[in-house]
Amino acid sequence: MGGWARARDAAANPTGVQNNNSAPRESNSAYNGGTVSESVLGDCLRFAAVPRDTFVLATKCGRYKEGFDFSADHVTRIVDESLARLGLDYVDILHCHDIEFTNLDQIVNETIPALQNIKESGKAWFIGITGLPLSIFTYVLDRVPPGSVDLVLSYCHYGINDTALLDSLPYLKSKGVGVITASPLAMGLLTDNGPPEWHPAPEQLKVFAFISKWEELCF
């Protein structure tokens with residue numbers, strides 16, 4: 001488990017700031033493994049007695065193994081469940097994850113206000129939104145009060161095949177919003193194994209990536 005390794009490293013090096021993403025969705029979390037990631041990481045943090053001020057922990061809400069739920073009631077309840085599993089009083093970052101899979105007006109009018117209440121309660125220090133299309137960020141940020149969203153997590157748009165995120169940076173800076181970029185290998189598109197079947201890239205691009213990889217191996 002990556003979370004266990006990071007907790008172990010934090011215990012061995014308590015002066016180093018660690019960044020743990022233990023969301024109930026990602027490859028080591030709820031989307032593929034239920035709530036195992038948070039539970040295991042919480043156990044590791046307790047066992048290793050890792051000082052809280054030596055790591056940054058982010059988790060996510062909205063997308064789960066069972067599907068999507070961006071309702072105010074659900075995100076309010078789920079953060080308490082996450083904190084209980086982690087054994088923490090707060091998370092540093094709470095992301096509203098993959099918001100393109102719901103009506104963005106719900107994110108603006110219901111989810112973000114609920115997340116702000118969570119932030120005001122002290123259970124999360126920063127609020128983020130994540131997703132693949134860059135257009136979702138402008139839609140939401142243009143419609144919520146300034147300061148409602150502290151950062152965005154964008155993936156697949158800052159790598160050797162796609163640098164579209166760069167064009168959005170001046171806008172995000174003007175909104176006072178931080179940026180986390182993820183998936184520099186384009187969700188597997190640029191790896192030796194190639195992308196998974198569900199990858200949103202056009203089939204022609206996936207085939208081209210596959211052929212290019214074989215050309216590298218052969219020549």
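Visitor: Which residue lies over the face of F101?

Guide: This is a predicted model. A charge counts as sitting over a ring when the Arg CZ is within 6 Å of the ring centre and within 35 degrees of the ring normal. Here the distance from the centre of the F101 ring is 5.0 Å, and the residue is R63.

Visitor: Which ring does R143 lie over?

Guide: The distance from the ring centre is 3.6 Å in this case. The ring under R143 belongs to Y139.

Visitor: How many helices and strands does the chain have?

Guide: The chain holds 219 residues, and 44% of them are buried. Its DSSP elements come to eight helices and eight strands.

Visitor: How many aromatic pairs are there?

Guide: Rings pair if their centres lie within 6.5 Å. By that rule the count is three.

Visitor: Are the planes of F68 and F70 stacked or edge-to-face?

Guide: The ring centres of F68 and F70 are 6.2 Å apart.

Visitor: Is F70 buried or exposed?

Guide: F70 has a relative accessible area of 2%. Buried means under 20%. F70 is therefore buried.

Visitor: What is the angle between the planes of F68 and F101?

Guide: F68 has a relative accessible area of 36%, so it is partly exposed. The centres of the F68 and F101 rings are 5.0 Å apart. The pair is stacked because the angle between the planes is 20 degrees.

Visitor: How many residues apart in sequence are the parts that F68 and F101 tie together?

Guide: F68 lies in strand β4, residues 67-68. F101 lies in the loop between β5 (91-96) and α5 (104-120). So the pair ties together parts whose separation in sequence is 33 residues.

Visitor: Are α4 and α5 roughly parallel or roughly perpendicular?

Guide: Helix α4 covers residues 72-86, and its axis is 8 Å from that of α5. The packing angle is about 30 degrees. Angles under 35 degrees count as roughly parallel, so α4 and α5 are roughly parallel.

Visitor: Which residues of α5 make the contact with α4?

Guide: The crossing of the two helices is right-handed. On the α4 side, the contact is made by A72, V75, T76 and V79. On the α5 side it is made by E110, T111, A114, L115 and I118.

Visitor: What separates the C-alpha atoms of I118 and V79?

Guide: I118 lies in helix α5, and its relative accessible area of 4% makes it buried. Setting aside neighbours within four places in sequence, I118 is in contact with V75, T76, V79, L94, K123 and A124. V79 is 39 residues from I118 along the chain, yet their C-alpha atoms are separated by 8.2 Å.

Visitor: Which residues does T111 touch, not counting residues up to four places away in sequence?

Guide: T111 is placed in helix α5. Its relative accessible area is 0%, so T111 is buried. With those residues left out, T111 touches F70, V75, C96 and Q106.

Visitor: Is α3 oblique or roughly parallel to α4?

Guide: The axes of α3 (residues 36-48) and α4 come within 7 Å and cross at roughly 40 degrees. Roughly parallel needs an angle under 35 degrees, so α3 counts as oblique.

Visitor: Which residues in α4 meet those in α3?

Guide: The α3 residues here are E38, S39, L41, G42 and R46. In α4, they meet S82, A84, R85 and L86.

Visitor: What is the phi of A49?

Guide: Most residues other than glycine have a negative phi. A49 sits in the loop between α3 and β2 (55-61), and it is exposed at 59% relative accessibility. Although A49 is not a glycine, its phi is positive, at about 55 degrees.

Visitor: Is D98 buried or exposed?

Guide: D98 is not a glycine but has a positive phi of about 55 degrees. Its place is in the loop between β5 and α5. Its relative accessibility is 1%, so D98 counts as buried.

Key. Residues are numbered from 1 along each chain as its sequence is written. This is a predicted model: local features need pLDDT of at least 70, side-chain atom pairs count only at pLDDT 80 or more; totals for chains, interfaces and linings use all residues. Side-chain values use heavy atoms; hydrogens and water are left out. Rings of Phe, Tyr and Trp (its six-membered ring) pair if their centres lie within 6.5 Å; planes under 30 degrees apart count as stacked, over 60 as edge-to-face and the rest as tilted. Buried means under 20% relative accessible area, exposed over 50%, partly exposed in between (1.4 Å probe, protein chains only). Helices (H or I, at least four residues) and strands (E, at least two) are DSSP runs, numbered from the N terminus. Axes are lines fitted to C-alpha atoms, for helices over the stretch in contact, and angles run from 0 to 180 degrees between N-to-C directions. Angles under 35 degrees count as roughly parallel, over 145 as roughly antiparallel, 65 to 115 as roughly perpendicular and the rest as oblique. A crossing is left-handed if the near helix is turned anticlockwise from the far one by less than a right angle, and right-handed if clockwise. Contact means heavy atoms within 4.5 Å.
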